[in-house]
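Please open the structure in your viewer and keep the selection panel at hand.

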Amino acid sequence: MSPIEKEILRRKISVIVENLNALELIRNMTREQYADDIYKRKATERLLQELIEAAIDINTHIIVQTSNIVPDDYYESFIKLGELKIMTTELAEKLAPSAGLRNRLVHEYDLLENSIILEAVKVAVDIYPEYIKAIEDYILRQG
C-alpha cells in the first residue's frame with residue numbers, strides 16, 4: 001500500500017474518530033432531552049451520516065485496491081470487507097445496516113424517529129471502534 005493510500009484511509013479514520021467522540025455526548029441523552037433540542041438532533045444526524053460515509057469510502061477504497069471490483073452498494077461494501085478478511089464476517093454484518101441508516105439520513109425516505117437515531121448512536125459508539133481497529137490492523141499488515 002502506498003503512503004498516499006494510507007493517508008487517505010487514515011484521514012477517513014480521523015473523521016470517524018472525531019464523530020464518535022462527538023456522538024459520545026449524545027449517547028446518554030433521554031429521548032425527551034434529544035427531542036427538545038433541534039440543534040443536537042440535526043448535529044447527531046449529520047455526525048452519523050459523515051461517520052458512515054467515511055467508512056463506506058474506506059471500504060470502497062480497500063475493495064477497489066484489493067480486488068478491482070466496485071461493490072454493488074454501500075451495504076455490500078461492509079459485507080465484502082468481511083469476505084476479504086479485512087474484518088470478521090460478524091463485524092461486517094453488524095456494520096452493514098448502517099448503510100441503510102445513511103440512506104435514510106441523506107434522502108429522508110421517512111420521518112426519522114428520535115428513538116431510532118438515539119439507538120443508532122449507541123450502536124455506532126459501540127461497534128465503530130472495532131471497525132477502526134480492523135482498518136488500522138489492515139493498514140499495518142500492508143506495511
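Begin with the largest nonpolar core, which comprises 44 residues. Select I16, L48, F78, Y128, Y131 and I135, the members that touch the most other members of this core. The model on display is a predicted one. Next, colour the helices that supply at least two residues each to the core: α1 (3-27), α3, α4 (74-83), α5, α6 (98-107) and α7 (114-142). Of these, α7 makes the greatest contribution, with 14 residues. In soluble globular proteins, nonpolar side chains tend to be buried together.

Now centre the view on I16. Which residues is I16 in contact with, leaving aside its neighbours within four places in sequence? Display L51, A54, A55, I58, Y128, Y131 and I132, which are its partners.

Proceed to helix α3, residues 38-67. At the N-terminal end of α3, select D37, which caps the helix: one of its side-chain oxygens lies 3.1 Å from the backbone nitrogen of Y39. Then move to N68, which follows α3 and has a positive phi, near 55 degrees.

Finally, select E90, within helix α5 (residues 89-95). Is E90 buried or exposed? Its relative accessible area is 54%, and because the threshold for exposure is over 50%, E90 counts as exposed. To finish, draw a distance between the C-alpha atoms of E90 and I79: the two residues are 11 residues apart along the chain, and these atoms are separated by 9.3 Å.

Conventions. Residues numbered from 1 in each chain as written. Predicted model: local features only at pLDDT ≥ 70, side-chain atom pairs only at ≥ 80, totals over all residues. Heavy atoms only, no water. Helix = DSSP H or I, 4+ residues; strand = E, 2+ residues; numbered from the N terminus. Buried < 20%, exposed > 50% of the residue type's maximum accessible area, 1.4 Å probe, protein only. Expected span 1.5 Å × (residues − 1). Polar contact = N/O pair within 3.5 Å; in protein donor to acceptor, adjacent residues only side chain to side chain. Core = buried A, V, L, I, M, F, W, Y, C linked by side-chain atoms within 4.5 Å. Contact = heavy atoms within 4.5 Å.
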